[in-house]
Amino acid sequence: MTAETSQTLDRGLRVLKLLADTDHGLTVTELSVRLGVNRTVVYRLLATLEQHALIRRDLGGRARVGLGVLRLGRQVHPLVREAAMPALRSLAEDIGATAHLTLVDGADALAVAVVEPTWTDYHVAYRAGFRHPLGRGAAGKAILAARQHPMSEPGYMLTHGELEAGACGAAAPLLGVTGVEGSVGVVMLAEAVPERVGPRVVDAAREVAEALR
């Protein structure tokens, strides 16, 4: 802690992070041990966070992240989209295909930013807001691959005809961005993804990740 920081706010944020990392919630005693503070401090922190709906407590007294964080989370997409746009524009123009940034939304992959190339005669109509199961399409499969192998070197996924007949896709996961799980990819009308597209998508995903750090 430095003179410019608030110890109480720091502890409150640490509570939220601890609760976000567990599915079953934490008791006051468990939080007290993990934070290294007494139970009275934890009670005060939880009461304040609960007033703002950032945490909730069940009948057994276990604290969990509250629905109030969703209101904060809705503002994340515009910020992420803005940071990703330069890399997506460059990718779309370079490849001549529709580029997209996709984030996890529950069990779905949700396209939050889409850029279409300006110089091609035709391209796949792919819109922001389009969603599909994580297990289908290159964007979702790239995210799932990163979950399974979080420490591996960045790679890319290729698919054909999984979301739209005649369309193929390539996507690479965003890596090293705390709190953001997603991928960057392209979708095109082709029989197969050209060889150079996969590595180019990996580079674009790296650019977006750097912009978000």
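Two strands are taken to pair if DSSP finds at least two bridges between them, and strands (E, at least two residues) and helices (H or I, at least four) are DSSP runs numbered from the N terminus. The structure is a predicted model, in which local features need pLDDT of at least 70 and side-chain atom pairs count only at pLDDT 80 or more, whereas totals for chains, interfaces and linings use all residues. Residues are numbered from 1 along each chain as its sequence is written, and side-chain values use heavy atoms, with hydrogens and water left out.

Six strands form an open sheet with antiparallel pairing, in the order β5-β4-β3-β8-β7-β6. Because β5 (131–133) and β6 (157–160) stand at the edges with a single partner strand each, one side of each is left without a neighbour in the sheet. From one strand to the next, the twist averages 30°, where axes are lines fitted to C-alpha atoms (for helices over the stretch in contact) and angles run from 0 to 180 degrees between N-to-C directions. The partner of β6 is strand β7 (residues 167–173), to which β6 is joined in the antiparallel sense by four bridges; L158 has A170 of β7 as its bridge partner.

Helix α6 (residues 137–148) lies across β3, β4 (108–115), β5, β6, β7 and β8 (182–189), and runs at about 30° to β7. Helix α7 (residues 197–212) lies across β3, β7 and β8, running at about 145° to β8.

Within strand β3 (residues 98–105) lies T102, which counts as buried because its relative accessibility is 0%; buried means under 20% relative accessible area, exposed over 50%, and partly exposed in between (1.4 Å probe, protein chains only). When residues up to four places away in sequence are not counted, T102 touches A109, L110, A111, Y126, A139, I143, E181, G182 and S183.

Elsewhere in the chain, helix α2 (residues 28–35) has V28, L31, S32 and L35 as its buried residues. These residues cover an arc of only 105° around the axis, and are therefore on the same side of α2, the arc being that of the directions from the helix axis to the C-beta atoms. Their cover includes α1 (7–20) and α3 (39–51), while the face of α2 turned away from the buried side carries the exposed residues V33 and R34. G36, whose phi is positive, near 75°, follows α2.

Notes:
Contact = heavy atoms within 4.5 Å.
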